[in-house]
Amino acid sequence: MAISTVEILNRGMRCLTEQMGIVEAEHFISAIIREKFDYTKWQRDYFDAKTPEEISAEASHFEAAQPFAGKAVRL
């Protein structure tokens, strides 16, 4: 079953506000709109400049600094 655009927007906003708070989430959205930010291009540029080892090290560091506190099952 496909997720509707409204559901995606609701989930995204909920995620932003839970992680950043409402004020910072609104600032983030305003910056994205104002700057005509292309996330896909940014992501490509960011990851193309890194080696797989650097990406792995950054992911490990992030995981250690931000442990998952949800209910997901780790495989």
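**Aromatic residues of the predicted model**

Phe-37 lies in the loop between H2 and helix H3 (39-48). Helices are DSSP runs (H or I, at least four residues), numbered from the N terminus. The model is predicted: local features need pLDDT of at least 70, side-chain atom pairs count only at pLDDT 80 or more, and totals for chains, interfaces and linings use all residues. Residues are numbered from 1 along each chain as its sequence is written, and side-chain values use heavy atoms, without hydrogens and water.

Confidence is expressed as pLDDT, the predictor's value for each residue, from 0 to 100. The protein chain has a mean pLDDT of 86, and 95% of its residues reach 70 or more.

Phe-37 is partly exposed, at 37% relative accessibility. The term covers values between buried (under 20% relative accessible area) and exposed (over 50%), with a 1.4 Å probe and protein chains only. With Tyr-39 and Trp-42, Phe-37 forms a nonpolar patch on the surface. Together the three have about 320 Å² of accessible area. Patch residues have over 30% relative accessible area and no salt bridge; nonpolar side chains are joined within 5 Å. A salt bridge places a side-chain nitrogen of Lys or Arg within 4 Å of a carboxyl oxygen of Asp or Glu. Areas follow the Shrake-Rupley method.

Aromatic rings pair if their centres lie within 6.5 Å; planes under 30 degrees apart count as stacked, over 60 as edge-to-face and the rest as tilted. This rule gives three aromatic pairs. One of them, Tyr-46 with Phe-47, is edge-to-face, at 5.0 Å centre to centre and 90° between the planes. Tyr-46 is partly exposed at 29%, as is Phe-47 at 34%. Tyr-39, Trp-42, Tyr-46 and Phe-47 form one aromatic cluster.

Terms used
Rings of Phe, Tyr and Trp (its six-membered ring) pair if their centres lie within 6.5 Å; planes under 30 degrees apart count as stacked, over 60 as edge-to-face and the rest as tilted. Patches are made of residues with over 30% relative accessible area and no salt bridge: like charges are joined within 9 Å, nonpolar side chains (Val, Leu, Ile, Met, Phe, Trp, Tyr) within 5 Å. Accessible areas come from the Shrake-Rupley method with a 1.4 Å probe; for residues, only the protein chains shown count as cover. Helices (H or I, at least four residues) and strands (E, at least two) are DSSP runs, numbered from the N terminus.
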